[in-house]
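Hi there,

Here is the structure I promised to pass on. Have a look at it first, and then read my notes below.

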Amino acid sequence: MEIRVERAKGEDAGIVLVGLDRPAAKNALGRQLLEAFRMTLEDLRSDPAVRVVLIHSRVPGIFCAGADLKERAAMTPFEAATFVEDIRTAFTELEELPMPTLAVLEGGAYGGGLELALAADLRVAGADARMGLVETSLAIIPGAGGTQRLPRLIGASRAKELIFTARRIGAEEAGRLGLVDRVTPAGDAMEAALALAREMLPNGPVALRLAKAAVNQGLGLELTAGLALERACYAQVLPTQDRLEGLAAFREKRKPQYRGE
């Protein structure tokens with residue numbers, strides 16, 4: 001298997017680690033890895049026990065090298081276009097997972113590897129991480145969401161600079177640009193991501209999912225429509241047992257025990 005799934009137990013139950021595990025190809029996105037990744041996302045999407053998902057690499061020194069160019073070289077133009085569409089769809093499926101997602105970056109994240117990280121809600125990077133949308137150096141463009149997600153994250157002109165130059169940047173610069181949300185000492189990104197996930201874990205799972213939907217879907221709307229979307233999402237939390245539990249816990253001065261109901 002090129003994807004390894006680990007479900008945390010005990011107090012961390014609800015956190016799921018999805019590990020890229022293709023060491024011979026530096027986690028390059030080939031057909032087998034992509035198929036396993038999409039199957040994993042489908043399983044997670046429909047599992048109410050999953051609260052937070054962390055995408056990481058099990059291969060030291062690399063997050064994901066991007067598309068498998070050796071595999072791509074044997075494809076016809078039609079096959080290559082179809083495969084890129086499959087990658088684009090997979091990353092959209094990651095973006096549309098209902099629960100919060102974090103990408104944990106240690107080592108390199110290039111081309112499709114960075115596009116994978118961009119599809120997560122948040123990114124945590126070790127100080128030695130390097131990343132870049134390098135496709136123009138190969139006479140192609142970022143084709144799995146990079147031209148759309150990067151400018152929405154860091155602004156159009158900064159995104160254009162990185163895409164046009166195919167420049168690889170370090171974690172500190174990525175943090176200054178807002179490309180990654182937290183920068184840690186090298187090797188500490190996973191622990192920092194877990195700490196962030198643990199901050200989310202006690203909160204109402206239905207509320208987290210609806211908050212994510214409101215933000216993601218509202219980004220493409222003008223303000224009035226966005227506020228109407230927020231109102232519709234808020235209306236869905238009102239009848240939940242979790243909301244009543246939150247009020248009861250506040251009144252009784254105890255920690256709430258949310259069940260996602």
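What follows is a short account of the salt bridges and of one arginine.

This is a predicted model, in which local features need pLDDT of at least 70 and side-chain atom pairs count only at pLDDT 80 or more, while totals for chains, interfaces and linings use all residues. Residues are numbered from 1 along each chain as its sequence is written, and side-chain values use heavy atoms, with hydrogens and water left out.

The structure holds 18 salt bridges (a side-chain nitrogen of Lys or Arg within 4 Å of a carboxyl oxygen of Asp or Glu). One of them joins Glu6 to Arg58, with the closest N and O atoms 3.2 Å apart. Glu6 sits in strand E1 and Arg58 in the loop between strands E3 and E4, 52 residues apart (strands are DSSP runs of at least two residues, helices, H or I, of at least four, numbered from the N terminus). Glu6 and Arg58 also belong to a salt-bridge network with Arg4 and Asp21.

Arg22 and Asp68 form another salt bridge, at 2.9 Å from N to O. Both residues are buried (under 20% relative accessible area; exposed is over 50% and partly exposed in between, with a 1.4 Å probe and protein chains only).

Now to Arg149, which lies in helix H5 (residues 146–154). Is Arg149 buried or exposed? Arg149 counts as buried because its relative accessibility is 12%. Leaving aside neighbours within four places in sequence, Arg149 is in contact with residues including Phe91, Glu95 and Leu118 (contact means heavy atoms within 4.5 Å).

Best wishes
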